Amino acid sequence: MWRRLGTRKRKTVSDAAIYAPPRRIENLEECYFYHTIDLPGHGVIEGEWDLRAGVDEYLGHVPLDGRRVLEVGTANGFLCFAMEARGAEMVAYDLSDEYDWDIVPFGGGIAEDLRRERKQRIRQLNNAWWLTHRLMNSRAKVCYGTAYTIPEAIGPVDIATFGCILLHLRDPFLALQRAAALARDTIIVTDVMPGWGDPNNKLPMTFIPDPAQPQMNDSWWYLSPEQVSRFLGVLGYPHTTITYHQQPFKDGRVPLYTVVGSVAP
Ligand SMILES: C[S@@+](CC[C@H](N)C(=O)[O-])C[C@H]1O[C@@H](n2cnc3c(N)ncnc32)[C@H](O)[C@@H]1O
């Protein structure tokens, strides 16, 4: 029978082989802040999303103290450092500029300049994570790769989180499956409500790319919370709760949901 890590023997791999070496970042100009963050010595840096008042809602009010957490899609790390401040031992995960975003191949291919621009943006995101990491004296580790290749060598975690990343993945179920190999207790998925763009959308899964809007090339799926619950049930987290909330994004607020899937009730 298949079992998660933690009950299974695994090879010991050195931290240096898994986690990224620290980057010394000095300048804000080298960084891109996706989240608004209060950066020691710099004050408030404005990002697209301001989750400062909504962290616990965003993470489904799951207790984090003393838990080992894998955060898939850490971006500039606002949630990573917020979870660490709540007592979690953090392993952050994201792309680096060595990996490609799942860009939608409008017209059947992906232009080289688009791939390059996306990688530059990811490098700036990673830089913002490292600058914040240093200024906050964080002990979090970060591992780079695609969500489809999360290394088992990270070892068991108690919780894995997927904050607004599944909509950007061509294969969201495979990414959840990879995290499920590591997460002993709980997977938390936060994503945008499918009705955000279209209030009449009640479909479980909607394919976002539209040939009439090729500029929308970074997103694949609107997933309903019920669909995410079903994914989690299939992967062995049958006890799910769904909560709804709104968070500030640019000049408005975006309706979101959080599904907390657990192995045990
Ligand atoms: C929209 S941001 C969400 C950031 C944060 N988790 C949150 O909830 O606010 C999506 C994050 O997922 C990462 N990401 C996108 N595609 C990815 C992939 N294929 N593999 C790993 N990470 C990916 C992006 O680099 C970015 O950091």
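Biologist: Where is the place of Cys164?

Modeller: In this predicted model, Cys164 has its place in the loop between strand 6 (157–163) and helix 5, and its phi is positive, about 45°, although Cys164 is not a glycine. Most residues other than glycine have a negative phi.

Biologist: What makes Cys164 count as buried?

Modeller: A residue is called buried if 20 or more other C-beta atoms lie within 10 Å of its own; Cys164 has 21 C-beta neighbours inside 10 Å, and therefore it counts as buried.

Biologist: Why is Ala75 called buried?

Modeller: The same cut-off of 20 or more applies, and Ala75 is buried because 26 other C-beta atoms lie within 10 Å. Ala75 belongs to the loop between strand 3 (68–72) and helix 3 (78–85), and it has a positive phi of about 55° although it is not a glycine. Ala75 is also among the residues that come nearest to the ligand, together with Gly73, Ala147, Gly163 and Ile165, out of 18 residues around it.

Biologist: How many residues of each class make up the shell around the ligand?

Modeller: The shell has 11 nonpolar, five polar and two charged residues, where Gly is counted as polar.

Biologist: What makes strand 5 and strand 10 the edges of the sheet?

Modeller: The open sheet has seven strands in the order 5-4-3-6-7-11-10, with mixed pairing. Strand 5 (141–144) and strand 10 each have a single partner strand, so one side of each is left without a neighbour in the sheet. From one strand to the next, the twist averages 20°.

Biologist: Which residues have the most contacts inside the largest nonpolar core?

Modeller: That core has 63 residues, and those with the most contacts inside it are Val69, Leu70, Val72, Ala160, Ala179, Ala183 and Ile187. Not counting residues up to four places away in sequence, Ala183 touches Leu70, Val157, Ile159 and Ala160.

Terms used. Residues numbered from 1 in each chain as written. Predicted model: local features only at pLDDT ≥ 70, side-chain atom pairs only at ≥ 80, totals over all residues. Near = placed C-beta within 6 Å. Core = buried A, V, L, I, M, F, W, Y, C linked by C-beta atoms within 7 Å. Buried ≥ 20, exposed ≤ 12 C-beta atoms within 10 Å, placed from the backbone. Contact = placed C-beta atoms within 7 Å. Helix = DSSP H or I, 4+ residues; strand = E, 2+ residues; numbered from the N terminus. Pairing = 2+ DSSP bridges. Axes fitted to C-alpha atoms, helices over the stretch in contact; angles between N-to-C directions.
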